[in-house]
Amino acid sequence: MNILFITSSRIGDAVISCGILEALRLKYPQARFTIACGTVAEGVFTRFPALERLIVFEKERFDRHWLRLWAKLAPHVWDIAVDVRGSAITLALAVRKRHMLKGGRRPGRRYMQLGTALGFAPPPLPVAWTAPEDDAKAALLLGEGPIIALAPTANWEGKIWPAQRFIDLFYELSARMPGVRAAVFGGPGAAEAALAAPVLAALPGAIDLVGTLSLPEAAACLRRACLFVGNDSGLMHLAAAAGTPTLGLFGRSRASEYAPAGPRTATAIAPGPEGEAPMTGLSVEAVASAAFTLLGL
């Protein structure tokens, strides 16, 4: 059986789609999967156990990337095709059974929207796949002892909690969690490094994991943390999918749709209308309280 899975170009949305991808793998254990995604999200899928082919694409003018993708897919007959982007490309392919999921904003959690559309009840939670070499690297980088993962970056300013509050939060948490160390996560590039730099500078002994890890390595490191606290970002979704107790911080993005989805998750939301509240309204005390509740402390 050949299954085609077309998913997002963004890390967070790609991670959210992993729940239905894993559910399909378990439902059809003999199937081989071709996955198409954007370049940035490639690492989300490189460790997928049933992967036969991974096709990555960059957005091009006049939507030419869809034509290039179609040319790679058209020679094949697909038993099942799932398009979570709602691009309708599967209408132009030889497909025995297709699932086209509508894009755009709709009520409810995104992972639930995907699971319900494919008929899974309950909707499956996202997962994160790693390999033994990823887990070995995580053990080497983090060593022994409890770790709090901090992710002070995001892809736009409206999602970012002030760096000083991450610093104050760590000291608030560490006062009740003896021996805990900080690991600071972020993506590649100068912008991410600049956002993380004040946190790293203010926390002596913090482990710098900004821009140095592949996504499977990041998932393996996050899995070893006793707590993740971070802005609404791909890292937040990856932490939740990895099974880490995950606290997502929200202000100008919508927790009702994009709250972290995993076995142990919570949110701290800035006061005000959903999707409009400034992150500066979210206090250290409110985040610390949510973290202690999540951990049962």
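Start by selecting Phe48: at 3% relative accessibility, Phe48 counts as buried (under 20% relative accessible area; exposed is over 50%, partly exposed in between, with a 1.4 Å probe and protein chains only). You're looking at a predicted model, where local features need pLDDT of at least 70 and side-chain atom pairs count only at pLDDT 80 or more, while totals for chains, interfaces and linings use all residues. Residues are numbered from 1 along each chain as its sequence is written, and side-chain values use heavy atoms, leaving out hydrogens and water.

**Stop 1: the rings around Phe48.** Phe33 and Phe48 make an edge-to-face aromatic pair, 5.2 Å centre to centre with 90 degrees between the planes. Rings of Phe, Tyr and Trp (its six-membered ring) pair if their centres lie within 6.5 Å; planes under 30 degrees apart are stacked, over 60 edge-to-face and the rest tilted. Phe33 sits in strand β2 and Phe48 in the loop between β2 and β3, 15 residues apart. Now show Trp129: ring pairs link Phe33, Phe48 and Trp129 into a cluster.

**Stop 2: the sheet that holds β2.** Switch to cartoon. This open sheet has 5 strands in the order β3-β2-β1-β4-β5, with parallel pairing. Its edge strands are β3 (51–57) and β5 (94–100), each pairing on one side only. Strands and helices here are DSSP runs numbered from the N terminus (helices H or I, at least four residues; strands E, at least two), and two strands pair if DSSP finds at least two bridges between them. Strand β2 (residues 32–38) pairs with β3 over 6 bridges; click Ile35 and you'll find Leu54 of β3 opposite. Next, colour helix α2 (residues 64–73), which packs on the sheet and touches β1 (2–6), β2, β3 and β4 (77–83). Contact means heavy atoms within 4.5 Å.

**Stop 3: the other sheet.** Select β6 (residues 147–151) and β9 (residues 227–231), which run parallel and pair over 4 bridges; Ala151 has Gly230 in β9 as its bridge partner.

**Last stop: a charge over a ring.** Select Arg176 and Phe292: the charged end of Arg176 sits over the Phe292 ring, 3.8 Å from its centre. The rule asks for NZ of Lys or CZ of Arg within 6 Å of the ring centre and within 35 degrees of the ring normal.

Methods: Axes are lines fitted to C-alpha atoms, for helices over the stretch in contact, and angles run from 0 to 180 degrees between N-to-C directions.
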